[in-house]
Structure formats: structure tokens, C-alpha cells
Amino acid sequence: MTEIQRCTWRGMNGDPFYEAYHDTEWGVPEYDSRALWEKLVLDGFQAGLSWITILRKREAFRAAFANFDPDKVARFGDADRARLMADAGIIRSNGKIDAAISGARIYCDMRERGQDFSTLLWDMVGGKPVQNHWVGGDVPAQTPLAVDMARMLKAKGFKYCGPVIVYAFMQATGLVNDHLTTCFRHEECRKLAR
């Protein structure tokens, strides 16, 4: 029997929860605006932490943030903010919570002005996933494209979206295919491109 070859993320191999995320979700092209916004918020909460920490708290985040419904989060006020700061199931950071709430308001404002969040992001990569061909440990922490996307998001008012966070977001949502060429998911994700 041949062993499955995966990307070489620290702490993943042997962790069924982490492996399942890698094998079924990471790198799959996401086109739904709401789902993309959720992932951007979660990647913002990851700043300074490991992704597995956020992944293990994702359901608690979804419960705390009204399943990442931008319309509901945009209406969060002081009582909601206090509730979130008291919620031990999520990352309790004033700045990150404020960024999520203000990000929901920006998302809703963009939509009201006819700007689709998904289209905005996918247009930056030419409408289809960038197909990288990384081997070993040569995957960068950011790219010029991530710098450009981060600059665009910051110009719109989003926070916690620097180039490293944005590149992790791009990888997770399939805007780029960064599975190693030796990983069984590389070719599978390549075939998912529209």
C-alpha cells in the first residue's frame, strides 16, 4: 500500500483533523463572496498564531459571529463586542474583533454599491487560480500579487490583511494552488479551476 503524499505542514501529518482540512478544503477554489469574507476574517484572527489554533476554534467563531453573515455582523454594537470579548471559544482581541465588524460594514457597503467581493478578488488573479509548482520548502510567505491584493483591501478599509495574511488567504481559498507538486492534492486542485 502506498502512503499518501501531502504537503509538509508542521504538525499536520498524523493529525486527522488537520489532514482532513488539507485533503478536502485547503486550496479548493472558493467563489462564494460570504465564504471568502469569512476566510479573510479568520485569517486576520490568525495573525501571530498558528492556523490549527483558528481551525480548531472555527465553529466557535461561526457561532460567535452569526455564521459570518455580513449583514448581521455589520449591525454588531457595543453589547456584541463585549459578548465577543468574553467568549473564551474565540480569540479575544479588541483589534481583531473591531476589524471583523468594520470589515462586515465595508463588505455590505461594497455590495450596496454593486461591487461583488468574489469578483473583486478573482479579477486580481485573472479569474482563475494561479497554478504554482512548489517543491520541498520553497513556498514563499508572500508574493507580489499578495502585496497588491493586501494594498487593495487596505485601501477599501479592511484591516488585518497584510501581504502574509493575504497570501495565506489566497492559498486557502484556491486563488493560488500552492499544494506542493509532490502532494496528491496539487493535481486535484488544478483540475478544479474554472
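Leaving aside its neighbours within four places in sequence, with which residues is lysine 39 in contact?

## Lysine 39 and its surroundings

The structure is a predicted model. In this model, lysine 39 lies in helix α2. Apart from neighbours within four places in sequence, lysine 39 is in contact with Tyr21, Trp51, Phe169, Ala172 and Thr173. The relative accessible area of lysine 39 is 9%, and the residue is therefore classed as buried, the limit being under 20%.

## Packing of helices α2 and α9

Helix α2 spans residues 33-46 and helix α9 spans residues 163-172; the two pack at an angle of about 140°, and their axes are 9 Å apart. That angle makes α2 oblique to α9. The crossing of the two helices, α2 and α9, is right-handed.

On the α2 side, the contact is formed by Leu36, Lys39, Leu40, Asp43 and Gly44, which meet Ile165, Ala168, Phe169 and Ala172 of α9. By class, this contact of α2 with α9 comprises six nonpolar, one polar and two charged residues.

Helix α9 is largely enclosed by the rest of the structure, because seven of its ten residues are buried. The buried residues in α9 are Ile165, Val166, Tyr167, Phe169, Met170, Gln171 and Ala172. Their cover includes α1 (16-24), α2, α7 (117-124), α8 (144-155) and β2 (176-177).

After α9 comes glycine 174, whose phi is positive, near 75°.

Arginine 58 belongs to helix α3, which covers residues 51-64. With a relative accessible area of 13%, arginine 58 is buried. Not counting residues up to four places away in sequence, arginine 58 touches Tyr21, Glu25, Glu38 and Leu42. Arginine 58 and glycine 89 are 31 residues apart in sequence, and their C-alpha atoms are 9.0 Å apart in space.

Serine 93 is found in the loop between α5 (78-85) and α6 (94-112). The relative accessibility of serine 93 is 18%, so this residue counts as buried. Its contacts, leaving aside neighbours within four places in sequence, are with Met85 and Tyr160.

## Aromatic pairs

The count of aromatic pairs comes to 14. One of the pairs is tilted and consists of tryptophan 37 and tyrosine 107, at 6.0 Å centre to centre and with 50° between the planes. This pair links distant parts of the chain, since tryptophan 37 is in helix α2 and tyrosine 107 in helix α6, 70 residues apart. Both partners are buried: tryptophan 37 has a relative accessible area of 1%, and tyrosine 107 a relative accessibility of 8%.

A stacked pair is formed by phenylalanine 65 and phenylalanine 76, at 6.3 Å centre to centre and with 25° between the planes. Phenylalanine 65 lies in the loop between α3 and α4 (70-74) and phenylalanine 76 in the loop between α4 and α5, so the pair ties together parts that are eleven residues apart in sequence. Phenylalanine 65 is buried at a relative accessible area of 0%, and phenylalanine 76 counts as buried at 8% relative accessibility.

## The aromatic cluster

Which residues do ring pairs link into a cluster? The cluster consists of Trp37, Phe45, Phe61, Phe65, Phe68, Phe76, Tyr107, Phe117 and Phe158.

Key: Residues numbered from 1 in each chain as written. Predicted model: local features only at pLDDT ≥ 70, side-chain atom pairs only at ≥ 80, totals over all residues. Heavy atoms only, no water. Axes fitted to C-alpha atoms, helices over the stretch in contact; angles between N-to-C directions. Helix = DSSP H or I, 4+ residues; strand = E, 2+ residues; numbered from the N terminus. Parallel < 35°, antiparallel > 145°, perpendicular 65-115°, else oblique. Left-handed = near helix turned anticlockwise from the far one by under 90°. Contact = heavy atoms within 4.5 Å. Nonpolar A, V, L, I, M, F, W, Y, C, P; charged D, E, K, R; others polar. Buried < 20%, exposed > 50% of the residue type's maximum accessible area, 1.4 Å probe, protein only. Phe/Tyr/Trp six-rings, centres within 6.5 Å; stacked < 30°, edge-to-face > 60°.
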